[in-house]
Amino acid sequence: MSMIRGRRRMIAALVATAACLAPGLAACSGGNATGASSDGPSGTIKFLGHTGIQASMDPVIKSFEAAYPNIHVQTQYAPSGPTYTQTVVTQIQGGNAPDVFYSNGGTGSSFSISPLAKSGKILDLSDQSWASTIPSDATDMYKIDGKTYGLNLDESPSGILYNVGTFSKMGLRAPKTFSDVLQVCSTARSQGRYGIALPGQNAGFAAEIVAGSIVYSSTPDWDAQRNAGKTTFAGTAGWQQTLSRFQQMQNAECFQPGAASASSPQAIQAMTTGQALMTIVPSGTIGSVANGKPNDWAMAPFPGDSESQTRATIGYQDALAVSSTTKNKAAALAFLNYLAGPAASTYANASGTVSLADAKSGTLSQPLQGVKPYFDNKTTISRPADRWPGGGALNTLSTAVVSSMTGQSSIDDALKSVDQAWGK
């Protein structure tokens, strides 16, 4: 009788393994608290990400390997920004693509989901159970011709990031209007500090966040209009005003010395060392600066002229994609399915972002309570540049912000250069 029971267990295990390996099926569920089994996919998969997500991704990878002891994840991290773009594109084009890699939803870069899907570089993931959970605001960033090509990792509010303790000691509060921003700058200068750490090399990211409460609060479909050729940057009063804001902040000595040429790490260092009080970034930056104490930091939207005009900018760009040339599809899919489950909240909380499930329920971490009312009231806008074709316009916007705020060019000429870079 015991021999019969043993054979039955063996047959059950073989059936379960076959189910795990079947193409298109999610990783095995059941068996332990993480929903994984020691049977099923095995082998090594290569993962490529940028250094900005390493602190939050490494613990998740460790727990994944514990849940799937037969799978090893070989990691590589490249510096975020142009270096990461070059690294991932070079590997893909060279036939040495990682099995799973960090990507961006939308069209904003050469490693974004849309261009990679259209060129056949990544797998169609439409048959995965999580494919239907992508937020409606991000559907067009992950679906091409009705098929889903990436895992949307989280939602990332963008705005003003500041240190709670420092603000409290200086008697400051999160700005509610643009006038408040200038007042923080004035208070900071009176105490030998600067209000805002600006990375001039990537000032386009800050500009699109500022534009959320100017351009997009009044014209939510501005990107669609620009794509259709019905409007331009130079011809939009809101974009003129956005660049004017940077001139005003420059004149108010908001920015740290060397801001025009500063990199993102240099700007972050200016803030974390106390030289500057705030910076304008996605909430994922919290994971990089928190040093294990995320509640020391807080985020608020970059405000408009009034609270009613203010919008919280939400990014849906953080994504994982699977190379179409992967030789271990089963293990790669198991990894994505793991990240789409409860581990999504673990990753998001460590990153300073919001998992899709938590965003849907309105459950935001302490550092993000300043943007929670905007989630609750639906006064958010999707991060603009994710839908801009190519990376040319965003890169040129960085140059336009710096050249106009330093007087090297007029706002009109600066914005015309962004129009010329559209789609390139």
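Guide: A nonpolar core is a set of buried Ala, Val, Leu, Ile, Met, Phe, Trp, Tyr and Cys residues joined through side-chain atoms within 4.5 Å; buried means under 20% relative accessible area, exposed over 50%, and partly exposed in between (1.4 Å probe, protein chains only). The structure shown is a predicted model, in which local features need pLDDT of at least 70 and side-chain atom pairs count only at pLDDT 80 or more, while totals for chains, interfaces and linings use all residues. Residues are numbered from 1 along each chain as its sequence is written, and side-chain values use heavy atoms, with hydrogens and water left out.

Visitor: Which residues does Leu 320 touch, not counting residues up to four places away in sequence?

Guide: Contact means heavy atoms within 4.5 Å. Beyond its sequence neighbours, Leu 320 touches Phe 47, Val 100, Phe 101, Tyr 102, Gly 150, Leu 151, Leu 153, Phe 335, Leu 336 and Leu 339.

Visitor: What is the strand order of the open sheet?

Guide: Two strands pair if DSSP finds at least two bridges between them. β1 (residues 43–50) meets β3 in the parallel sense over two bridges, whereas β3 meets β12 (residues 318–322) in the antiparallel sense over five bridges. The five strands, with mixed pairing, run in the order β2-β1-β3-β12-β6.

Visitor: Which strands stand at the edges of the sheet, each with a single partner strand?

Guide: The sheet is open and contains five strands. One side of each edge strand is left without a neighbour in the sheet, because each has a single partner; these strands are β2 (71–78) and β6.

Visitor: Is strand β3 buried or exposed?

Guide: From β3, Val 100, Tyr 102 and Asn 104 point one way, while Phe 101 and Ser 103 point the other way. Five of the five residues (100–104) fall in one class, so the strand is largely enclosed by the rest of the structure: β3 is buried.

Visitor: Which residue in β12 is the bridge partner of Val 100?

Guide: Val 100 of β3 is also the bridge partner of Phe 47. The partner of Val 100 in β12 is Val 322.

Visitor: What is the volume of the largest cavity?

Guide: On a 1 Å grid over the protein atoms alone, a cavity is a set of points where a 1.4 Å probe fits but cannot get out, a pocket is an open set with protein on both sides within 12 Å along at least five of seven lines, and lining residues have an atom within 4 Å of a point. One cavity of 30 Å³ or more is found in the whole structure. Ser 158, Phe 205, Glu 208, Ile 209, Pro 282 and Arg 383 line the largest cavity, with three of the lining residues supplied by α8 (residues 203–212). Taken as the space filled by probe spheres set on the points, joined across faces, edges and corners, its volume is about 40 Å³.

Visitor: Which element gives the largest share of the lining of the largest pocket?

Guide: This pocket has a volume of about 1,400 Å³. Of its 49 lining residues, those closest to its centre are His 50, Ser 80, Gly 81, Phe 205 and Ser 264. Elements giving two or more residues include α3 (82–93), β3, α8 and α18 (392–405). The largest share, four residues, comes from α12.

Visitor: Which element gives the largest share of the lining of the second largest pocket?

Guide: About 590 Å³ of space lies in this pocket. Its lining has 28 residues, and Pro 135, Glu 155, Leu 356, Ala 359 and Lys 360 are the closest to its centre. The largest share, five residues, comes from α16.

Visitor: How far apart in space are Gln 369 and Ser 403, C-alpha to C-alpha?

Guide: Gln 369 is found in the loop between α16 (356–361) and α17 (372–377). Gln 369 counts as partly exposed because its relative accessibility is 32%. Gln 369 and Ser 403 are 34 residues apart in sequence, and their C-alpha to C-alpha separation in space is 35 Å.
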